[in-house]
Amino acid sequence: AAASAAGVTSTALCLRSRLAYSWSSPLSAKDKFRNHESPDYEVLMVLWVLGAAHGRRAIEIVASSTPDTIVQRAPLAAEALRKASGVFAYLATTGVYAWSTVPDDDTPAEALGTVCNALANVTLALAQGVAIRKALAGGAMSLGTVAKLALEVYRLSRESSLAVTGMKKAEVKRVDAAFVAYLDVLTRLHHANALKLLGTRAWDDKQYGVGDGGGVGGRRDVDGAVPALAPRVLVVVAAVGQGQVSQPRVARLRGAHGAVGARRGARAARD
């Protein structure tokens, strides 16, 4: 420390060796700890943890909510997820390239622009998923609008999964297989949810698909028309998750359409 003429004391810090920033890399397939000397790497990882913390907070809010409180608490979770999406989007477009423009074997998965962009889309999709849950609990939106939101959630999830699996082979190998599998499962889950909501809307609007073998006929109201459809098989698309195809109805299908129709009806009821 040296005193200046004005009496102000300044401190000079002298390093005896290079300063390396060490971070764990949970998304990397191996070498979980990475050391780099660039301050930009330090900033990148700090921001990455900030985005992950916002996502964690949203999960805690949703997990601690009940059916009676989800409508009031959902906006808090959605806001946290939107903040996470903004952080990851910044990293994907600016933060990653401020540190390194060319990934190498020592680049952690968190510092890959494609991975950060996938996380930005996933957290945005989860935010919309929270909005869907709120809408279903509060009844503020029509089922058709909710179904369209669900399709957008599926689109974002699918784009994220395809982007990561579509990276260069060397880059994909650096990403933990569990994260790749998570993106795939998330995409399938949102796809199933979107189809369920679309099917529920079709059921409420009395729009059913009438199938003969593999073909599907036009839309029609088929209430009370089961006996008149023989030998066709009635496929109620909206039965998924609604419990609308009961065992007595399966028995009626057996009488009207035979054993093949009964087996198909039973599978529809289980699904």
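Mentor: Let us begin with a term: helices are DSSP runs of H or I with at least four residues, numbered from the N terminus. In this predicted model, S160 has its place in helix 4, residues 143–165.

Trainee: What makes S160 count as buried, partly exposed or exposed?

Mentor: Buried means under 20% relative accessible area. S160 has 0% relative accessibility, so S160 counts as buried. Leaving aside neighbours within four places in sequence, S160 is in contact with A118, N121, V122 and L183.

Trainee: Which backbone oxygen does the side chain of S160 reach, and how do you know that this is a polar contact?

Mentor: The side chain of S160 reaches the backbone oxygen of L156 at 2.9 Å. A polar contact requires N or O atoms within 3.5 Å, one able to donate a hydrogen and the other to accept it, so the 2.9 Å pair qualifies.

Trainee: Why is L124 called partly exposed?

Mentor: Partly exposed lies between the limits of under 20% for buried and over 50% for exposed. L124 has 30% relative accessibility, so L124 counts as partly exposed. L124 is found in helix 3, and touches S85 and L156, not counting residues up to four places away in sequence. L124 and L81 are 43 residues apart in sequence, with their C-alpha atoms 6.4 Å apart in space.

Trainee: How many aromatic pairs does the structure hold?

Mentor: The structure holds two aromatic pairs. In one of them, Y41 and W99 are 5.0 Å apart, centre to centre, with 40° between the planes.

Trainee: Why is the pair of Y41 and W99 called tilted?

Mentor: Ring centres must lie within 6.5 Å, and planes under 30 degrees apart count as stacked, over 60 as edge-to-face and the rest as tilted. The values of 5.0 Å and 40° therefore make Y41 and W99 a tilted pair. This pair links distant parts of the chain, with Y41 in helix 1 (residues 39–63) and W99 in helix 2 (residues 70–99), 58 residues apart. Y41 and W99 are both buried.

Trainee: What makes the pair of W48 and F88 edge-to-face?

Mentor: The ring centres of W48 and F88 are 5.9 Å apart and their planes lie at 70°, so the pair is edge-to-face. W48 in helix 1 and F88 in helix 2 are 40 residues apart, and their pair also links distant parts of the chain. Both W48 and F88 are buried.

Trainee: Which residues have the most contacts inside the largest nonpolar core?

Mentor: V115 and F179 have the most contacts inside this core of 29 residues. Strand 3 (21–24), helix 1, helix 2, helix 3 (113–138) and helix 6 (177–204) each supply at least two of its residues. Helix 2 gives the largest share, seven residues. Not counting residues up to four places away in sequence, V115 touches L27, A109, M167, V175 and F179.

Trainee: Which residues does the second core include?

Mentor: That separate core has 11 residues, among them A58, A77, A80 and L81.

Trainee: How many helices and strands does the chain have, and what share of its residues count as buried?

Mentor: The chain has seven helices and seven strands, and 37% of its 271 residues count as buried.

Terms used: Residues are numbered from 1 along each chain as its sequence is written. This is a predicted model: local features need pLDDT of at least 70, side-chain atom pairs count only at pLDDT 80 or more; totals for chains, interfaces and linings use all residues. Side-chain values use heavy atoms; hydrogens and water are left out. Rings of Phe, Tyr and Trp (its six-membered ring) pair if their centres lie within 6.5 Å; planes under 30 degrees apart count as stacked, over 60 as edge-to-face and the rest as tilted. Buried means under 20% relative accessible area, exposed over 50%, partly exposed in between (1.4 Å probe, protein chains only). A nonpolar core is a set of buried Ala, Val, Leu, Ile, Met, Phe, Trp, Tyr and Cys residues joined through side-chain atoms within 4.5 Å. Contact means heavy atoms within 4.5 Å.
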